[in-house]
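Dear colleague,

I am passing on the structure we spoke about, with the sequence alongside.

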Amino acid sequence: MARLAIYPGSFDPPTLGHLDVVERAARLFDRIVVAVGSNPGKSALMSVEERVDALSASVKHLPNVEVATFKGLLISYAAKQGASAIVRGLRATADFEYEFQMAMVNRRFDAAIETVFLMTKWEYSYLSSSIVREVALLGGEFASLVPGPVVEPLRRAAKRAAG
Ligand code: PNS
């Protein structure tokens with residue numbers, strides 16, 4: 001049976017850490033769907049369409065990876081797609097409580113879908129979308145923190161936000 005994993009996130013913007021996690025997941029599962037969702041607690045910088053386009057271009061070299069969007073509960077989306085796992089990246093301890101909570105709630109909803117945590121490369125372990133957003137909004141250099149196809153759309157989104 002082909003194993004499908006959903007890699008969900010806000011990806012606002014996608015970072016090199018995200019790409020590293022996708023590459024790891026793509027070696028473990030038959031198929032990966034990178035699913036762009038909206039986190040109700042966060043206001044977005046890049047539009048969903050910009051994120052999907054930038055992600056699609058960033059994973060072009062991975063034949064078993066596709067990019068999609070989802071609305072509503074992640075676990076319902078994952079079940080509907082026939083996924084056996086949800087992949088999440090785990091960085092320092094700061095991520096743990098939130099991730100643990102999400103994994104437990106998702107398991108309560110559907111125990112057949114396993115949450116799998118993958119660690120990024122050491123050099124990306126400090127990277128987060130929120131730090132990259134802040135750097136971009138303040139006009140700092142961020143091109144070394146995101147995949148190539150993310151640079152221009154993120155620059156445009158930051159300009160737009162600055163007014
Ligand atoms: O990259 P993020 O912001 O940490 O991603 C969070 C995301 C989008 C995966 C999470 O907010 C989510 O799953 N949202 C969908 C709604 C949902 O299922 N919430 C309950 C999770 S326990």
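In this predicted model, the ligand is surrounded by 14 residues, and the closest of these are S10, K42, L73, L74 and R88. As for where the shell comes from, β1 (residues 4-9) and α4 (residues 96-109) each supply at least two of its residues, and α4 gives the largest share, with 4 residues.

An N or O atom in the side chain of S10 is 2.5 Å from an oxygen atom of the ligand, while L74 takes part through its backbone, where an N or O atom lies 2.8 Å from an oxygen atom of the ligand. For R88 the atom concerned is again in the side chain, a polar one that lies 2.8 Å from an oxygen atom of the ligand. Of the 550 Å² of accessible area that the ligand has on its own, the protein covers 83%, and the space that the ligand takes up is the largest pocket.

The loop between β1 and α1 deserves a separate paragraph, and I would start with its backbone. Most residues other than glycine have a negative phi, and most peptide bonds are trans. F11, which is found in this loop, has a positive phi, near 50°, although F11 is not a glycine. The peptide bond that joins D12 and P13 is cis, with omega at about 0°, and P13 too has its place in the loop between β1 and α1.

D12 also has a side-chain partner, namely R133, with which it forms a salt bridge whose closest N and O atoms are 3.8 Å apart. Across the model, the count of salt bridges comes to 8.

With kind regards

Terms used
Residues are numbered from 1 along each chain as its sequence is written. This is a predicted model: local features need pLDDT of at least 70, side-chain atom pairs count only at pLDDT 80 or more; totals for chains, interfaces and linings use all residues. Side-chain values use heavy atoms; hydrogens and water are left out. A residue is near a molecule or strand if one of its heavy atoms lies within 4 Å of it. A polar contact is a pair of N or O atoms within 3.5 Å; within protein, one must be able to donate a hydrogen and the other to accept it, and residues adjacent in sequence count only if both atoms are side-chain atoms. Accessible areas come from the Shrake-Rupley method with a 1.4 Å probe; for residues, only the protein chains shown count as cover. On a 1 Å grid over the protein atoms alone, a cavity is a set of points where a 1.4 Å probe fits but cannot get out, and a pocket is an open set with protein on both sides within 12 Å along at least five of seven lines; lining residues have an atom within 4 Å of a point. A molecule sits in a cavity or pocket if more than half of its atoms lie within 2 Å of its grid points. A salt bridge is a side-chain nitrogen of Lys or Arg within 4 Å of a carboxyl oxygen of Asp or Glu.
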